[in-house]
Structures are given as structure tokens and as C-alpha cells.
Amino acid sequence: DAALRPSLPKSIKPDTYRKLHGKLLEVRRTLGNQPLTLAEKILYSHLDDVEQSLLTNTDNGRSIRGSANLKLNPDRVNMQDASAQMALLQFMSCNLDQPAIPASIHCDHLIVGEKGAESDLSEGISTNKEVFDFLESAARRYGMDFWPPGAGIIHQTVLEVYALPGLMMLGTDSHSPNAGGLSTITIGVGGADAVEALVGAPWELKAPRILGVKLTGQLNGWAAPKDIILALAGKLTVRGGTGYIVEYFGEGVESLSATGMATICNMGAEVGATTSIFPYTKASERYLLQTRRAEQHKALASFRSWGSFDFRPDEGAQYDDVIEINLSDLEPHINGPFTPDLSTPLSAFATTVAQEEWPTTLSAGLIGSCTNSSYEDMTKVESMVTQAEKAGLRPKAPFYITPGSEQIRATLERDGTLQTLEGAGGIVLSNACGPCIGQWKRQDDVKKGTPNAIFTSYNRNFRGRNDGNPGTMNFLASPEIVTAMAYAGSTTFNPVTDELTTPGGGKSFRFAPPQGLEGPRTPFVSGVESLQALSPDGPNPGVEVAISPTSERLALLEPFEAFPEGDLEGLKVLVKVTGKCTTDTISAAGPWLKYKGHLANISANTLHTAVNAETGEVNAAYDVDGSRHTIPDLAFKWKARGQPWLVVAEHNYGEGSAREHAALQPRFLGARVVLCKSFARIHETNLKKQGVVPLTFVNEADYDRIAAGDDVSTVGLYDMLRAGGRGDVSLRVRKADGSGEFLVPTKHAVSEDQAGFILAGSALSMLAKRAQT
Ligand code: F3S
């Protein structure tokens, strides 16, 4: 252990690896040495009680996946500024002196991208000063690492600093699985889950199934790691990974860079996967060294020599399903608009644009972000810009670059890459989320509502996601394809086959396939002093956490009331929603991000882009007297009237992010139940943590029988909760139009712990009670 101690980042406990080693041996003994996948090795070595988790409800260990309730002890928690506010407010209500495990806060989501890094950052700091001061003071008070605005995007920083093979982390952001690129299991969660881990309570997860993705061959030409996940998203759809960990294996893995693997894991969120992971390869090793972690590299080597962990699946490990992708045949893909699983190969894209009547003019190209701002990505783009520059070409569409961290930015500047991109007219935005999360004040004069097409190397493309304009179609592609399109100014350009005409001489120019460097020749540099992390040695009870009582952006939390003794009576359907209802629909980001720490104020956006199934209107709901309101206005009215309610919806309700506000806000406004055809995993868990009961239809046709305004009471819910999640629940529906009543049978996935949360009012109410006793 002593040999390991100086080698670990100080925010990992020194005995972490020793414990994991011991736990994995115990897991192997318990399961009779059956071969395990890499994901299983890492997850199960974080179990709180190996036997209890692996042998209960699992046919004595024979069917763990999909059945066992894993109670896990994560190694650390990473939080981004938007979600950290609520997580910290919740943590503060537990009255503890310090978190039970290391934690970090990353200020990235609140910086708007507009003119360029310098002015955007100082503008962002002054607009959000109150929130950043709160986060920094909380970090100092409780002994957490604090990454100031401009330091970088959470997932990039975590990959560069905290990710280490074999660890398990929670991140309060759905793209946290990015760290799977360095063989770290990282799961995106809401703030309430993060708080559970921070107070030292084991964190519960239904044992995921494992989807093996076998990579053969080798990428070539224009195909990039991004294309692997774009193609996979097309195959799996946005729901195909639900309940699964996606584990990559096969000889094709060996040819990928660590950052390329991270891009793929990052976008596993787009297929709904619990997380994604790659084995530890030579490239992972190189990345550790390039990011100046020689000591961790040495520690890992000795850890591996103990023999329990090699950060690869065991010989003979079984996957629940296997998808094979031959990288040698893979061509670039373009996904979108409006959903990340609408995948079109580059060679068919121009035809699809014509068929679908999508815009042929490109209005902007944006590269970088947490998904694709690696050294490899940027040097590949640099190689294209250099070729184009020689031919006298300039990008025809505005071209934006978002570095993922100060470390990557400073290294690209040191090596001249950034200057090349800027020299071609590229606008470098600050090291923050900006346009990736709706924080984009467009300079190119595209009016709200105007249909237009942008290409980005980001990960998500829901309507309005980038610039708040529902008319903007975001097509996801690799940074290289985005760059090619920016030079063409067109969405139908194919850089593999098409040529551009050079100015003046009118010669034909064709891009040669991009060439990049996997990493810098000399290690990364950390960059500007003021953008480095603050890393307190421990908690400091003398620090006062900065919250003004008159703040419009931050407010201490009031606990939710406990579940009544008996079934719920007199609920009303607030609105019946049709179509996609993502966490963006339930709690929009963009300008609303500023109210993340003020539950009452942010609740004014609740479901405000939801489509009313009965009228087809966006954001319209009808009171019992027939008066029309916005959905949040009616919810506020009903809250004031003491009228509890439920929402009825279709499939994959809560798809998208880990945003717990999408559960907190409805709960705050009086929702007790969400009834739908199916849920997205993280959101379903978030609802239960906030004391809202998620139910799905046994017969989907019942969706058509229930309507807004109907009166609903639960049958069997209280008994099910009291029995720790055992038992059936149905809903008695009395039609608002007086046409009678009927019973709707439902399904639920409430575990014993979750039943406790719901009965206590919320997970926080239960944890606070526990922490204080
Ligand atoms: Fe930020 Fe999330 Fe994008 S971390 S850069 S918004 S996907």
C-alpha cells in the first residue's frame, strides 16, 4: 500500500485499489470463479455486501444481470455547476461536515458561447457570480475540488485527471460515461443519487445486462471513432441500450486512442445505456503518461501484478447480446436532425437531404465540446485546415471550436494548432459547454423559428438544444466531417468524393483524408494559472456557504411531505402528453440554467415544450372549468389549490439527461404519479428519489382511455410501498366527462429502498434522518 500511496490522485482514497482487489477475490469466490466481463469485474468489486447483492433474487448467482439489486460504493462523485447546485443544497440539508467520498465541482454549463473565449468567459463569470461563489464556498466548506469557470468541461477534466482503470464514479451529468474511455465505470445520475453517495449510503443499481460490441478491423480514411457510436446509435435507437452496459471488445479496440474511446462512451448516453466501457490498452497507457500521470501508471502496473484485475474481460466471459462492427468497412455517419439515432451514412446523406427537404445550406459548423475536443480530433481538423489554406479556401459557414479543457486548449496553443484554426476564421469559444447545452447566443443572425441546418461534433441534438431555436436542425458528425461541411457551406457535400472550387484560379480541390496525432509529442501542459483547480486539504467548518436570502437563483430546500397513510385519492391528470418527452421537455436548459439552484423559480418551465395529446398544442393545459393555461401555470394554480396531480405520457418518458430537476419540479408543483408507456432509466430513478411514483401501463391501449382532467386514485400503492416494493398497483380512473370509471392495471419497478424514499417523502428526507441519528 505504501508504494501505491503517493501514486494516486489525492482525491482517491489511498486504500482504494487494495480494497477493490480484496472485493474482486470475494466476488470470484462467491460466484465460483465464473468468467466475468470487464464491466462486471469493476461493478461487483464496488459492492457493499457481495453475497447479499449477488445471491439475493438471482437464482443463487446464476442470473444476476437484470435481477440483482447492486448496492455499490462508488469511489468518487463529479458534479457540473448546473446540477451541483441542487446536489449541494440537498447535501447541506443532511447536516454533515464533509462528504464520505472525494468529490469535485466543475463550472462549465453556465458559460454562454457568443463572441469568443475571453469576452464570453468574463461575461459568464459576472452573470453567474452568485452561483460560482456559492459553489466555491461550498467546495471550501466541505473539502471538495473546485474547477473554476474556464477550467474545462467536466467530462474532459475527469478523463484527464480523475479517471483511472478499475474505479467506479458517479457524475451528475448523463455524459459522465465518457470516462469509460479509460476503463472507468462512470454512471450519470441525478443530484439525489450523488448525495446518497456523498453521505456514504450505498448507491443502488439494478444489475445491468451487458451488451458486447465486438470491434474488428481498423478505421481508415475518413472514418473516426465518432462514427462507431453514430452507426451504433442508428442500430440500437435511443432506447436500445436501456438497462445495459455497453462493453467494447475485439481486436479493433487496440487501434483506437483513449480519447476516441471516450467519445464513444460519452455518446452511449444517446442509446440510453447505463454506461459504456473499453478495456485498458496500450493507448490508455500512453494517455495516462501524456496527461502527466506517470505515478498512477506505475501504481496501476503494480495493482495489475496482484493478478485480480487486468482491466479486460475474462476469457470466456458471456455477453447478453453481441453486435459486431467491422471498422475496416465503416464509413462516416451523420445523425439527425432532432434525434441522435437517425443515422445516415455519408455516402447517402446528400440524397437523404433532398428526399427529406432538409436545408442544403450549412448555417454553422461547431466542433469540440466534451464529446470531441481531443488532441487527435483537433490535429485532424488542423490537417484539413492546412490543406484548404494552401488552396486559398476559407470556411463558408461560421466555424466554432470549443476546447474541452484548459489543458487541451493550452497544449493546442503551445503546438500551434489553435492558431491554425483561428487563422482560418475559426472562433475559439471558452473551455465550457456553451452551444452544446443551449448556451449559444448566435452571431449569424438566424432568427428564432427559421429552419436552418448546423453540423456539430457534439453528442445530442434534440430540438432547440443548441441555440434555443426549434427550427435549427443539428446534424451530429465527427469534427472532420463538420469541418468539411463548414468549408463547403453545404450539407450535401461529401469530402470523400466531392471537390471544392478554389477562389481565383477556379481549380478543383479535394481534401485528403485527415491525419492527426493521437496525443502531443511532449506531455500536455496545464495552462493558465487562474484556471487550475482549487483543491482544499479537507473541510473547513469556518467557511460560510454563500447564499443570499433574497437570491433569485439560490434557495435552501424545504423537505417534501411524507406519503399519506393510505392510497392516494383525488389526483387529477394535469396533461396527457404525446410524442417524445425528454428531460429537456420537462425542464428545459438554456436560459433556465440560471435557476437551477432555485426550485420555485425554475419550476416555471415545467413541461413547457410538451405537446398536449388531446389538442396538439405545445404547452397548453386546461383547468376543470375549461380555462386554458400554460402547463406550468396550471400546475402552480393546482399547487396553490392543494390539488395533487399526475402526468400521462408515451414511451421513454424522461429520455436524455440525468437532470433531476425534471423530477424535482413536478414534485414541487404537486405531482404524485407519472403514468406512461415506458421510462428512461435515470429519470425513473430520479422520480422515485423525489417521492413521485413512476408507473407504466400493463396495456398500452389504456393510454387512449385516460384524459386530462380525469380523477385518479391509486389501488394497492400504499400496501406495495409498505411491503418494500412488493405487490401490484392499479389506478381507478373516473372520467371528467362523467362517462364512468374503470381500472388501469400498471407495472412498477420500485425496490425496497425506493419504497422507503417514497414513504419518507423523498430520498433526501430519509437520508437526512439517517445522517442525523
Ligand atoms: Fe457540456 Fe454536456 Fe455538452 S457536459 S459540453 S453539455 S454534453
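View 1. Threonine 237 follows H9 and has a positive phi, near 70°. Helices here are DSSP runs of H or I with at least four residues, and strands are runs of E with at least two, both numbered from the N terminus. This is a predicted model, in which local features need a pLDDT of at least 70 and side-chain atom pairs count only at pLDDT 80 or more, while totals for chains, interfaces and linings use all residues. Residues are numbered from 1 along each chain as its sequence is written. H9 itself covers residues 225-236 and spans 17 Å from its first C-alpha to its last, close to the expected 16 Å. That expected span is 1.5 Å times one less than the number of residues in the helix.

View 2. Ten of the twelve residues of H9 are buried, so the helix is largely enclosed by the rest of the structure. A residue counts as buried if 20 or more other C-beta atoms lie within 10 Å of its own, as exposed if 12 or fewer do, and as partly exposed in between, with C-beta atoms placed from the backbone. Among the buried residues of H9 are Pro225, Lys226, Asp227 and Leu236. The cover over them includes strand E8 (209-216), helix H10 (258-266) and strand E18 (472-476).

View 3. Glycine 200 follows H8, with a positive phi near 90°. In helix H22 (residues 681-689), nine of the nine residues are buried, so H22 is also largely enclosed. Its buried residues include Arg681, His683 and Lys689. Just after H22, glycine 691 has a positive phi of about 85°.

**View 4. Two alanines to compare.** Alanine 179 sits in the loop between strand E5 (168-171) and strand E6 (185-188). Alanine 179 is buried, because 29 other C-beta atoms lie within 10 Å. Setting aside neighbours within four places in sequence, its contacts are Val158, Leu159, Ala163, Met169, Thr184 and Thr186. Being in contact means that the C-beta atoms of two residues, placed from the backbone, lie within 7 Å. Alanine 640, in contrast, belongs to helix H20 (residues 631-641). Alanine 640 is exposed, because it has 10 other C-beta atoms within 10 Å.

**View 5. Leucine 574 in the largest nonpolar core.** This core has 232 residues, and Leu574 is one of those with the most contacts inside it. A nonpolar core is a set of buried Ala, Val, Leu, Ile, Met, Phe, Trp, Tyr and Cys residues joined through C-beta atoms within 7 Å. Leucine 574 touches residues including Ala621, Trp638, Trp645 and Ala708, leaving out those up to four places away in sequence.

**View 6. The shell around the ligand.** The ligand is surrounded by 13 residues, and the closest are Ser369, Cys370, Cys433, Cys436 and Ile437.

**View 7. The start of the chain.** Residues 1-7 have a pLDDT under 50. This score is the predictor's confidence in each residue, from 0 to 100. Where pLDDT is low, the predicted coordinates should not be read in detail. The protein chain averages a pLDDT of 94.

Terms used: Near = placed C-beta within 6 Å.
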